[in-house]
Amino acid sequence: MDFRPTDEQQMIIETTRRFVRDEIRPLELDLDPDAGELHPDDADRLQAKTRQMGFYGLDIPEEYGGPGLDTTTRALMAIEMSQHRAGLYNPCYGTFGGAGLAQLYEATDDQKERWLYPTLRGEKRGCFALTEPSGGSDPARAIQTRGYQDGAEWVLNGAKLYISGADKADYALIFARTSDDPGRNGVTAFIVDTDTPGFHVRRVVHTLRATHYATELQFEDLRVPEENILGEVNGGFAIANDRLSRQRIPYAAGCIGPAIQAQEMAIEWAKSRETFGSLLADKQAVQWMIVDNEIDIRHARYCVLEAALKADSGERFRTEAAMAKLVATEAASRVVDRCIQIHGGVGVTKDLPLERWYRELRIRRVGEGPSEVQRLIMARDILGGSFK
Amino acid sequence: MSIRLDKEWLALDRATVDALPAQLGVFHVADDEGTVLTIGYAGARDLFGIRSALEREIERHGAAATRFRYEFTSNYRSRWDELLMLHLHDHGSLPPHQADQAQRVGRLDPQD
């Protein structure tokens, strides 16, 4: 497997790197250390630039106006785009645009007119409401939100937890149990406008991400027209599951950027900071931490690129994607932890981005399927014989 | 745990503010009637945390601002957004000098 980028990929890497270095990092000098958004004028200006570069809407399929990047190129860009203070969760502060909810590309023409196209034009926002207070790692069994049919409408009752962006969303993709099947065959996906009576954003859930919060939702006799069902009745879990698998590769790639930047900072610090009569870089304890960082970063990069290359070649990539997610999130956490140790006191202050990455990376080991679930996925494939 | 900032009101004067620890957090500044004039936060860019942020409020409102209440939190940004949303829910609008924030924050429908 050849991990060397093509000439075109190398050019994209360098363009993205320059954008982060020249446009994003200077703005962060004046922002709150936990900021998650740019001043609107800066955001508009930089969005115009990414449009000019031909990279706006990175994750939008080509037939809908996106740049048509393959998974490998997208992963390489994610590694570059995340090399700044807010880069883990807000790569380039969203100036490369979003793709909306990927599930809507499978919607009916009418649904696309009502929700997908307005989202791609930046006129509407959606949120993805899957996880419930009863659990998130095993959604097929954990979903307790119920939906029953009443004429041409469905009526939803229940609650969702840790839902991002619901307080600002115009619509939500809600997964509800619509049959007595307790597993994956009893779940339906509904597209629901958030101004529908019975849709409540009950509270904000504060997390390790100091700027961003999740929300808790409650549905009370939320009436949804039949035509708002996405896909088939009782076929919603496949829609949810598809997203969970696809997202693991870019999710993993985005963890590598902060690890690379943390390592660069640690090397610079070690080569300039003197203690007990010599540089930190001359001490074996520090040298070994730097070396372990390098091993972790390369290991994560190889796993991400292997998964991406397999996805691009049309092969099965579920095990590789799970491995990439597990390795990248855990390796990046270790790297940032060591870099804080090398920096000493200043490493835990808000003067440097290390403490933010340290907090946020902890979430990455839980989000989009915790490490244990990734192991479970890999074990099923390896022991089941479907992994070659 | 209440999601509202319902701590005791304190007199907004230099002596009281100077006695606060220089920590990060959120606050309400109000007039004699209890009308909230600012929903604010003290972030990592405030040199002396909540002290610096409240001193700015004294300068902004002058004698009109007579009291404040606060809460220390390192999640000052998300807590600030939460307080803005709660104020919007309870009063329908934000304090005049913060009206533009209404476009940025979301909406909350608390159960209490």
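Visitor: What share of the 388 residues in chain A is buried?
Guide: Burial comes down to counting neighbours around each residue. In this predicted model, buried residues make up 44% of chain A.

Visitor: How many helices and strands does chain A have?
Guide: You'll find 11 helices and 10 strands. The radius of gyration is 22 Å, close to the 21 Å from the globule rule for 388 residues, so chain A is as compact as a globular protein of that length. Its C-alpha trace spans about 80 × 55 × 40 Å along the principal axes.

Visitor: At what angle do helix 3 and helix 8 of chain A pack?
Guide: Helix 3 (residues 71–81) and helix 8 (residues 284–312) of chain A meet at about 150°, their axes 8 Å apart. Angles over 145 degrees count as roughly antiparallel, and therefore these two helices of chain A are described that way.

Visitor: Which residues make that contact?
Guide: Helix 3 of chain A brings A:T71, A:T72 and A:A75, while helix 8 of chain A brings A:V304, A:L305, A:A308, A:L309, A:A311 and A:D312. Sorted by class, that's 6 nonpolar, 2 polar and 1 charged residues.

Methods. Residues numbered from 1 in each chain as written. Chains lettered and ligands numbered in written order. Predicted model: local features only at pLDDT ≥ 70, side-chain atom pairs only at ≥ 80, totals over all residues. Helix = DSSP H or I, 4+ residues; strand = E, 2+ residues; numbered from the N terminus. Rg over C-alpha atoms; globule rule 2.2 N^0.38 Å. Buried ≥ 20, exposed ≤ 12 C-beta atoms within 10 Å, placed from the backbone. Axes fitted to C-alpha atoms, helices over the stretch in contact; angles between N-to-C directions. Parallel < 35°, antiparallel > 145°, perpendicular 65-115°, else oblique. Contact = placed C-beta atoms within 7 Å. Nonpolar A, V, L, I, M, F, W, Y, C, P; charged D, E, K, R; others polar.
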